[in-house]
Amino acid sequence: PGSAPTRAPCRRSGGGGRATTQGRVGRAASELGGFGAAVREGGLDAGLHALGLDDLKGRPPAEVIDRIADHLAEGADPTQYDLLADALKAAILEAATLGAQGGLKDLDSALRGFLERQGVEGLVQFYLSNYVYGRVWMAVENHVEMKTAGGPSSRAMSIAVGNACRSHVAD
């Protein structure tokens, strides 16, 4: 009575199991959310500063997006890293494309425009949708390729899986 229950400490290294995967996905989502909030409040430079990536100020948009994704996926095992980095790049690019008035030349205003309309939650939702899609597609890709030899059915399956993932994350 009077004392809070104690919990066993979380393991953060080793294993490579489900808890580690969920931790990496959650950490990337949290850091992406922090980046998005900083961009919404103070612009791209503030977002880069929040991630400790000040050296990217003034760099081309493609380089900025790649380095942000690489930074947020850092420390994951190689397969997990590829899934995380691809999902993060796609999310930032989708958000910037939807927020752009005159193309992606001005990444700052493109991201701010998206964040004003969709919020940080929209950015994180894009990331999670892309991540889920990557995981699901990786799991079924070999089967689809084997059955269809990579033909039009393979592309149709890819689109269907992507739409299903986006729908489930949105719900």
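Reply: Happy to. Helix H3 (residues 61–73) and helix H4 (residues 78–99) pack at an angle of about 140°, their axes lying 8 Å apart. Helices here are DSSP runs of H or I, at least four residues, numbered from the N terminus; axes are lines fitted to C-alpha atoms over the stretch in contact, with angles from 0 to 180 degrees between N-to-C directions. That angle makes H3 oblique to H4, oblique being what remains once angles under 35 degrees (roughly parallel), over 145 (roughly antiparallel) and 65 to 115 (roughly perpendicular) are set aside.

This is a predicted model, where local features need pLDDT of at least 70 and side-chain atom pairs count only at pLDDT 80 or more, while totals for chains, interfaces and linings use all residues. Residues are numbered from 1 along each chain as its sequence is written, and side-chain values use heavy atoms, leaving out hydrogens and water.

Now for the residues that touch, contact meaning heavy atoms within 4.5 Å. From H3 come Ile65, Asp66, Ile68, Ala69, Asp70, Leu72 and Ala73, which meet Tyr81, Leu84, Ala85, Leu88, Lys89, Ile92 and Leu93 of H4. Sorted by type, the residues of this contact are eleven nonpolar, no polar and three charged; Ala, Val, Leu, Ile, Met, Phe, Trp, Tyr, Cys and Pro count as nonpolar, Asp, Glu, Lys and Arg as charged, and the others, Gly among them, as polar.

Further along, helix H5 (residues 107–148) holds serine 129. With 6% relative accessibility, serine 129 counts as buried, the cut-off being under 20% relative accessible area, with over 50% exposed and partly exposed in between (1.4 Å probe, protein chains only). Beyond its neighbours within four places in sequence, serine 129 contacts Cys165, Arg166 and Val169.

Methods:
Helix = DSSP H or I, 4+ residues; strand = E, 2+ residues; numbered from the N terminus.
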